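Student: I am new to this structure. Can you show me how to read its charged pairs?
Tutor: Let us take them step by step.

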Amino acid sequence: MKKSEAGQSEEVGQSPWSQYTRKACEIEGLSSDSFADKPCNPKDFAYDLTVGMCSRNRQGILEKTLRSLTDQTWPADRFQVVVVNDGSTDGTAEMLEKISPELPYPLVVCHQPHSGLATARNTGIRASSGWVMLYIDDDVLADPRLIEEHLNIHRAHDKIVCNGW
């Protein structure tokens, strides 16, 4: 055993993420053996990727961001978008309901009382059905190759966190 910078013991040769996953599984009452340090099979997921967004009172720019995802080079039936409406009062809920049938990709909308970004992201993760979770801000206009490039990186490297656009 060695001590991490935080002073907690960690097994040599194991990443802190493995321990985090095990602890999270214990809290949820799941067997950590079925998750930690085992590769996920992309074929076990409904979608290759989930784009997640959390938003609060940003109706106009959120709509532009959602529309920017319509021109992806990745097939629209192979990714989904999950939007967590974090207690918006500006008509965001109505806009999401209106725009959903116009989009070529599946849109999952989660409404929650204002709880903050961390809670909203966790809500989005629970609603996700993708092999990869890609969070973007609600004001990011997506490049047409955003999803394709993220998936290329994840397929080329096992156990990776990709940050940036």
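Tutor: Start with a cut-off: buried means under 20% relative accessible area, exposed means over 50%, and partly exposed lies in between. Keep in mind that this is a predicted model.

Student: Is Asp 138 buried or exposed?
Tutor: Asp 138 has a relative accessible area of 7%. That value is under 20%, so Asp 138 is buried.

Student: What do the side chains of Asp 138 and Arg 58 form?
Tutor: First the general idea: side chains of opposite charge can pair when their charged atoms come close. Here, Asp 138 and Arg 58 form a salt bridge, 3.0 Å from N to O. The two residues are 80 apart in the chain. Asp 138 sits in the loop between β6 (130-135) and α5 (146-156). Arg 58 sits in the loop between β3 (47-55) and α2 (59-68). Arg 58 is partly exposed, at 33% relative accessibility.

Student: Which residue pairs with Arg 67?
Tutor: Glu 102 does, with the closest N and O atoms 2.7 Å apart. Arg 67 is partly exposed at 34%. Glu 102 is partly exposed too, at 43%.

Student: How many salt bridges does the count come to?
Tutor: Eight. Among them is Arg 145 with Glu 148, at 3.8 Å between the closest N and O atoms. Arg 145 is partly exposed, at 39%.

Student: Which residues do shared partners join into one network?
Tutor: Asp 48, Arg 78 and Arg 155.

Key: Residues are numbered from 1 along each chain as its sequence is written. This is a predicted model: local features need pLDDT of at least 70, side-chain atom pairs count only at pLDDT 80 or more; totals for chains, interfaces and linings use all residues. Side-chain values use heavy atoms; hydrogens and water are left out. A salt bridge is a side-chain nitrogen of Lys or Arg within 4 Å of a carboxyl oxygen of Asp or Glu. Helices (H or I, at least four residues) and strands (E, at least two) are DSSP runs, numbered from the N terminus. Buried means under 20% relative accessible area, exposed over 50%, partly exposed in between (1.4 Å probe, protein chains only).
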